Amino acid sequence: MTFSVLMQSIISGLLVGGVYALIGIGLTIIFGVMRVINFAHGDIMMVGMYMTYFLFTLFGVDPFMSVLITMPLMFVFGAIMQKVFINRILGTLPQNQILLTIGLGLIMSNSAMLAFTSDYKILTTSYSSSSFNVAGISISQPLLTSFLITCVITAGLYWFLIKTDTGQAIRATAQDREAAQLMGINVKWMSILSFGIGSAMAGTAGALISPTYYIFPQVGSAFTLKAFVITVLGGMGSIVGATVGGIIIGLVESVAAVTISSDWKDVVVFSIFLLVLLIKPSGLMGKSRM
């Protein structure tokens, strides 16, 4: 393996890792505020992928421009889901939360299968296979665009959580729900808002990855597992940890596929995941809060 091939795999892994980070951030926000692990997170991303696909095929909306439509719609979708379903199991046994979110995920994936069949759909644009060379290294144009949009969205989310009153209220609720309520914060509204934001992040990640990934009803299950690994690896409740975890997973997958085999990349990812948890069970940044 040449140095240029290794560098290309590292850059590709970094670009994909940025989108992975967006998925992990969404799950982290939901867990940080409500202490609920959303096992339907990948299926919410799948809804975003189908939404992007049909916006493109029916209305000609560019997949990256569709983020402006997908993000607010997925926020509303997540907020309604939290209000109608998730809110009822807050504070209950963890297994009730797990069963409910798994059930919601199954409803979404099977509804998509009934509506759109199980056939793989490919969103093909004029730039889907485009790339450009930098110092002999080929960089995918759609992956780079996805990464740049992810950086803008992530920076905007950091600013919102740190600089705005609502963002600080969300962080306060994540740190101590009861104390936040005593300070006059409407924690129920913060929960709805947080689930909406988490769903918007998942849907946006689905929109960004659509030009380079197959779209089918069961695609969410793989990304749910990936989001869970990213969240735990970075540290439950830490947005910075989720960002780092997503980039690490992207890099490890890409480099392992080139140096070992694409069939073994998931084995390497989970091996590193278990190793980190053995050394630091709280995750890389487990002490952090939003």
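1. The model is predicted. The residues in question are Q82, K83, N87, K188 and I192. Helices α3 (67-84) and α8 (187-209) are the elements that each give two or more residues to this lining.

2. How much space lies in the largest cavity? About 30 Å³. The structure holds one cavity of 30 Å³ or more.

3. Now the open space. The largest pocket has a volume of about 680 Å³. It is lined by 31 residues, and V16, Y20, Y213, E253 and K265 are the closest to its centre.

4. Which element gives the largest share of the lining of the largest pocket? Helix α1 does, with seven residues. At least two residues each come from α1 (3-34), α5 (141-163), α8, α9 (219-234), α10 (239-259) and α11 (265-279). Sorted by class, this lining has 18 nonpolar, nine polar and four charged residues.

5. Helix α8 deserves a look in both places. It gives two or more residues to the lining of the largest cavity, and it supplies at least two to the lining of the largest pocket.

6. On the surface, check the nonpolar patch. M65, L68, I69 and L73 form it, and together they have about 400 Å² of accessible area. L73 sits in helix α3. Its relative accessible area is 44%. Patch residues need over 30%, so L73 passes that cut-off while counting as partly exposed.

How values were computed
Residues numbered from 1 in each chain as written. Predicted model: local features only at pLDDT ≥ 70, side-chain atom pairs only at ≥ 80, totals over all residues. Heavy atoms only, no water. 1 Å grid on protein atoms, 1.4 Å probe; cavity = no way out; pocket = protein on both sides within 12 Å on 5 of 7 lines; lining within 4 Å. Points joined across faces, edges and corners; volume = space filled by probe spheres on them. Helix = DSSP H or I, 4+ residues; strand = E, 2+ residues; numbered from the N terminus. Patch = residues over 30% accessible without salt bridge, like charges linked within 9 Å, V, L, I, M, F, W, Y side chains within 5 Å. Areas by Shrake-Rupley, 256 points an atom, 1.4 Å probe, with all protein chains shown as cover. Salt bridge = Lys/Arg side-chain N within 4 Å of Asp/Glu carboxyl O. Buried < 20%, exposed > 50% of the residue type's maximum accessible area, 1.4 Å probe, protein only. Nonpolar A, V, L, I, M, F, W, Y, C, P; charged D, E, K, R; others polar.
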